[in-house]
Amino acid sequence: MKSSYGLIGKKLGHSFSVPIHNMLGNPGYTLCEIAPKELEAFIKAKEFKGINVTIPYKTDVIPWLDEISERAKRIGSVNTVVNKNGKLYGDNTDYFGFSYMAHHAGISFEDKKVVIFGTGGTSLTARTVAEDEGAKEIVIVGRRSENNYDNLYLHYDADIIINTTPVGMYPDVEACVADLESFEKLCGVIDVIYNPIRTDLLLQAQKRGIPFTNGMPMLVAQAKTAHELFLDAKIDDSVIEAITKALERDKRNIIFIGMPGCGKTTLSNIIASKLDRDIIDTDDMITVSEGISIPEIFDKYGEEYFRDAESRAVKEACISNGKVIATGGGAVLREENRKAIMRNSLVIWLRADAEKLATSGRPLSKDIDSLRKMEKYRYPLYKECADVVIDVDPDNTESNITEIEKWLSV
């Protein structure tokens, strides 16, 4: 191991641990991939001051530790090991991370029926926290368990749903562990996945106005607690939200939606330049892939053909991270596109007066009457997707940029 502190696991390519611990004040924190046959020798060598442990070693390390905390014993796994003068002490900081995540989202387990998808280590952590915080009933759902996905109807009275499985995680982002429509009592949805930022499970919760959270606050909160154990020092919990916001700001795309002619292409290019981010224009992707202009696509193949090409472009663009994306005005028409737009992006709706929208070269908005009809149909779809709504004047780019920058700095 190249450092006194770090993360060990089998595969660590997508880990956020290094930037998190760097922001916590540990610049020497490193990643250390270890094969199963190497684990015992690594632990017994004790050539570290503190390590975090991830899949698949959270249980495997226990026999080689000198002491583990009571909460780690109850959960049955260790994710943090501290070398105290040659004695190895194991703890489970995921417990604090999970509890923080739920509370931060305004989700309480007290007197609630909690359904947990998954049977692995994170499921055990979720169950332990829910028990300690007064859950009325806890149901663990697994593929081969007594409670499984075939008899999920038995638990449609759940108050809180927690997903601890990888279903819906990148790159298989269109998968979803459950349809929430039949869960009429839900008052909280937790998904420990954080890539994408909003899984389809969370998009369902958001659409229904149910409090929800992804797993990023848990990841940061458990790292903060591990850092305290490493250095035997207390850190204020306020850093958790600050680091979570910083990570999501860096990883999220910034995507612009709105009516044709509202300035999406112009404004996205300026914002991309100011933020030093790559720019993706889904209309440009379509013209490159088809080899002809969008009006020509409409004339030659029709609107349905164009919408199919648009869906492919939107999905490809939105699977990325940290980009600025401009969409076509009709990108929100299909539900599959709206989901793609919302999963991993800060969605900014550029709302403009139809009287000021440009119509030249636009197949479906050739005159003001067409624009008004389009506006009436599309506005609810823009509203469904939008995290931010900015009223723009297509003739005043400087003012529009100022308003966008205000929101991006929040």
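## A walk through the helices

Start by selecting α1 and α8: their axes come within 11 Å and cross at roughly 135°. Keep in mind that you're looking at a predicted model. The crossing of α1 past α8 is right-handed.

Now show side chains at this contact. On the α1 side, pick Pro-19, Ile-20, Met-23 and Leu-24; they meet Val-239, Ile-243, Ala-246 and Leu-247 of α8. Colour them by class and you'll get eight nonpolar residues, with no polar and no charged ones.

Stay with α8 and select residues 238–251. This helix has 14 residues and reaches 21 Å from its first C-alpha to its last, close to the expected 20 Å. Which of its residues are buried? Highlight Ile-240, Ile-243, Thr-244, Ala-246, Leu-247 and Glu-248. To see what covers them, bring up α1 (17–24), α4 (94–104) and α7 (216–231), which are among the covering elements.

From α4, pick Asp-94, Phe-96, Gly-97, Phe-98, Tyr-100 and Met-101; across from them, in α7, are Pro-217, Met-218, Ala-221, Gln-222, Lys-224 and Thr-225. By class, this contact divides into seven nonpolar, three polar and two charged residues.

Next, jump to α5, residues 121–132. Its twelve residues should span 16 Å at 1.5 Å a residue, and the end C-alpha atoms are 17 Å apart, which agrees. Buried here are Ser-123, Thr-125, Ala-126, Thr-128, Val-129 and Ala-130.

Zoom in on Thr-125 within α5. Why does Thr-125 count as buried? Its relative accessibility is 1%, and the cut-off for buried is under 20%. Ignoring neighbours within four places in sequence, Thr-125 is in contact with Ile-75, Asn-92, Asp-94, Tyr-95 and Phe-98. You've already met Asp-94 and Phe-98 on α4, in the contact with α7.

For a last stop, go past the end of α5 to Gly-134 and check its backbone: phi is positive, near 85°.

Conventions. Residues are numbered from 1 along each chain as its sequence is written. This is a predicted model: local features need pLDDT of at least 70, side-chain atom pairs count only at pLDDT 80 or more; totals for chains, interfaces and linings use all residues. Side-chain values use heavy atoms; hydrogens and water are left out. Helices (H or I, at least four residues) and strands (E, at least two) are DSSP runs, numbered from the N terminus. The expected span of a helix is 1.5 Å times one less than its number of residues. Buried means under 20% relative accessible area, exposed over 50%, partly exposed in between (1.4 Å probe, protein chains only). Contact means heavy atoms within 4.5 Å. Axes are lines fitted to C-alpha atoms, for helices over the stretch in contact, and angles run from 0 to 180 degrees between N-to-C directions. A crossing is left-handed if the near helix is turned anticlockwise from the far one by less than a right angle, and right-handed if clockwise. Ala, Val, Leu, Ile, Met, Phe, Trp, Tyr, Cys and Pro count as nonpolar, Asp, Glu, Lys and Arg as charged, and the others, Gly among them, as polar.
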